[in-house]
Amino acid sequence: MSPTITAFKQSPDRGRGLARDTRVRWALEEVGQPYDVRLVSFAEMKEPAHRALHPFGQIPTYEDGDLALFESGAIVFHIAERHAGLLPADAAARARAITWMFAALSTIEPPILDLQTAKIVEHDKAWSKERLPLVEDRIRDRLGELSIRLGDADWLDGGFSVGDLMMVSVLLRLRTSGLLDEYPNLSAYVARGEARPAYKRAFDAQLAVFTAASSGG
Ligand SMILES: N[C@@H](CCC(=O)N[C@@H](CS)C(=O)NCC(=O)O)C(=O)O
């Protein structure tokens, strides 16, 4: 039996691959694990049946037999642990790859999410214009540090790993802000991630859902 993940019936990002099911799809594609998708509307996500899987009423979730998981980081980590391909065999390198996954989620993603909040939720507040540069500078601080660490390497620690999968997924959220362009090595890093055949399959699959929904399919 293939695992089942949940994704938006109609993604607010209009199929740009920013919803967090994309990173789960990408991990599944990297390891060659087929999967099923159950699409949920915003209303369905808040129903008890979905909340039994995800206490916060969100996507993505992951079900495999008796196991039900939520949180994209936990899901991707589980996939990486169960299959070869996303975690190095060497114990120390494996620990470092996991460290980068956590860094993506707990050090890099929060200021990026703050920018989204500032632009989407707070844009009509009187103080919004004053706050925005502060939010952007906090992102620049992190990107500058990450850029120095990456240097001219292809990936964060040797070969491509789950750490890169998560870091690229998080950085992709910055594309329209222009901030990523200020760090050419990070832009190139993200482009390398997007060029992976597994990423392309994941992206196309989520885009197909949006395209079908928009055409009434
Ligand atoms: N930390 C969670 C965040 C999940 C999350 O924010 N999901 C979004 C889609 S990317 C969602 O379901 N938003 C709808 C909502 O919160 O009502 C994760 O990484 O899975």
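Is Trp-155 buried or exposed? Trp-155 is buried, with a relative accessible area of 12%; buried means under 20% relative accessible area, exposed over 50% and partly exposed in between, with a 1.4 Å probe and protein chains only. The model is predicted, so local features need pLDDT of at least 70 and side-chain atom pairs count only at pLDDT 80 or more, while totals for chains, interfaces and linings use all residues. Residues are numbered from 1 along each chain as its sequence is written, and side-chain values use heavy atoms, with hydrogens and water left out.

**Helix 7**

- Helix 7 covers residues 162-171; helices (H or I, at least four residues) and strands (E, at least two) are DSSP runs, numbered from the N terminus.
- Because 10 of the 10 residues of helix 7 are buried, the helix is largely enclosed by the rest of the structure.
- Those buried residues pack against helix 1, helix 4, helix 5, helix 6 and helix 8.
- Met-167, one of the buried residues of helix 7, is in contact (heavy atoms within 4.5 Å) with Trp-100, Ala-103, Ala-104, Ile-108, Leu-146, Leu-156 and Tyr-189, leaving aside neighbours within four places in sequence.

**Helix 1 against helix 7**

- Helix 1 (residues 21-31) packs on helix 7 at an angle of about 150°, and the axes are 10 Å apart.
- Axes here are lines fitted to C-alpha atoms, for helices over the stretch in contact, and angles run from 0 to 180 degrees between N-to-C directions.
- Arg-23, Trp-26, Ala-27 and Glu-30 of helix 1 meet Leu-165, Met-166, Val-168, Ser-169 and Val-170 of helix 7.
- By class, this contact has 6 nonpolar, 1 polar and 2 charged residues; Ala, Val, Leu, Ile, Met, Phe, Trp, Tyr, Cys and Pro count as nonpolar, Asp, Glu, Lys and Arg as charged, and the others, Gly among them, as polar.

**Nonpolar cores**

- A nonpolar core is a set of buried Ala, Val, Leu, Ile, Met, Phe, Trp, Tyr and Cys residues joined through side-chain atoms within 4.5 Å.
- The largest core has 52 residues, and Met-167, Leu-171 and Leu-174 have the most contacts inside it.
- At least two residues of this core come from each of helix 1, helix 4 (72-82), helix 5 (91-121), helix 6 (128-150), helix 7, helix 8 (184-194) and helix 9 (197-214).
- Helix 5 gives the largest share, 10 residues.
- Another core, of 5 residues, lies apart from it and includes Phe-8, Val-40, Met-45 and Ile-59.

**Aromatic pairs**

- The whole structure holds 7 aromatic pairs; rings of Phe, Tyr and Trp (its six-membered ring) pair if their centres lie within 6.5 Å, and planes under 30 degrees apart count as stacked, over 60 as edge-to-face and the rest as tilted.
- The pair of Phe-8 and Phe-42 is stacked, because the ring centres are 5.0 Å apart and the planes are at 25°.
- Phe-8 is in strand 1 (residues 4-8) and Phe-42 in helix 2 (residues 42-45), so this pair ties together parts 34 residues apart in sequence.
- Phe-8 is buried at a relative accessible area of 16%, whereas Phe-42 is partly exposed at 47%.
- The rings of Trp-155 and Tyr-189 have centres 5.8 Å apart and planes at 65°, so they form an edge-to-face pair.
- Trp-155 is in the loop between helix 6 and helix 7, and Tyr-189 is in helix 8; Tyr-189 is buried, with a relative accessible area of 0%.
- Ring pairs join Trp-26, Trp-155, Phe-160, Tyr-189, Tyr-199 and Phe-203 into a cluster.
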